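Hi,

Here is the structure I promised to pass on. Have a look, and then read my notes below.

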Amino acid sequence: AVLAAGVRRVVVGLEDPDPRVQGRGLAALAAGGVEVRSGLRAEAVEEQLAPYLTHRRTGRPYVVLKLAASLDGRIAAPDRSSKWLTGPEARADVHRLRAASQAVLVGAGTVRADDPELTVRLPGHAEDRQPLRVVLGAVPPGARVEPAEQVGGDLVTVLEDLGRRGVLQLLVEGGAAVAHAFHAAGLVDRYVFYYAPALFGGADALPMFAGPGAQSMGALWRGRIVGVARLGDDLKVELVPARPGRPGGKVA
């Protein structure tokens, strides 16, 4: 269509990494006499197409880990109650995250504690476009998350299976043990934290990550903050792992 339209110059950000088409379109344009310039604003395009590019390059979904926490880094009270830590604006933003994902994953402990639906509830959102609901472990009878996929075992295997089923972006919503498992395995591509202006003020509330962490400053995991936004009274912070070649990308 481009050739037929008589376009003389084409500018692209990235070459499609899908091996079925990689470079063929650009080669066809060049062979047809079109001037092709590639690589312009490549970093911005990488950001925009991150889920698709990750899926095509690795066969696995782009993993977004979402957690809502108090300012002192706690996600639930000692009695395991957590509703509602953040306000309505932050919760609406979570629904937008779900709508942008093909699957949502939680642990069976979260299902037992909170009985979430894990559906998208936004005005105008089609009911037949709900993300696949995935639970690590056994779903208790009568849980509102049903119908859901019950999975277990190695997380890489779980991701590869979801990738084969066409899941480009997986939203991991917790809880703390699941968040730790994905983080410790280095499987998180983007972290989205919603911080409420609240303090539990003690060590007995549930932390964001349940499990062993960095044992020294040298082992500290570091990333890049790529977004900060105020949502009502809450604060949304987004970060990604440090780029290859930069210090601090180590997983504790």
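A charge counts as sitting over a ring if NZ of Lys or CZ of Arg is within 6 Å of the ring centre and within 35 degrees of the ring normal. That is the case for R91, which lies over the face of W84 at 4.5 Å from the ring centre.

Some ground rules: this is a predicted model, where local features need pLDDT of at least 70 and side-chain atom pairs count only at pLDDT 80 or more, while totals for chains, interfaces and linings use all residues. Residues are numbered from 1 along each chain as its sequence is written, and side-chain values use heavy atoms, with hydrogens and water left out.

On to the aromatics. Rings of Phe, Tyr and Trp (its six-membered ring) pair if their centres lie within 6.5 Å, and planes under 30 degrees apart are stacked, over 60 edge-to-face, and the rest tilted. There are three such pairs in the structure. One of them is tilted, because the rings of Y191 and F193 have centres 6.0 Å apart and planes at 55°. F193 also pairs with Y195, this time edge-to-face, at 6.1 Å centre to centre and 65° between the planes. Ring pairs join Y191, F193, Y195 and W221 into a cluster. Both F193 and Y195 are buried (under 20% relative accessible area; exposed is over 50%, and partly exposed is in between, with a 1.4 Å probe and protein chains only). Y191 counts as buried too, at 3% relative accessibility.

Now the salt bridges (a side-chain nitrogen of Lys or Arg within 4 Å of a carboxyl oxygen of Asp or Glu). How many salt bridges does a search of the whole structure find? The search turns up 16. Among them, R9 and E35 meet at 3.5 Å, N to O. R9 is in strand β1 (residues 9-12) and E35 in strand β2 (residues 35-38), so this pair ties together parts 26 residues apart in sequence. Strands here (E, at least two residues) and helices (H or I, at least four) are DSSP runs, numbered from the N terminus. R9 is partly exposed, with a relative accessible area of 44%, and E35 is partly exposed at 47%.

By contrast, look at E238 and R190: both are buried. Their closest N and O atoms are 3.0 Å apart in a salt bridge. E238 lies in strand β12 (residues 234-241) and R190 in strand β9 (residues 190-196), so parts 48 residues apart in sequence are tied together. These two also belong to a salt-bridge network with E47, D93, R96 and K236.

Cheers
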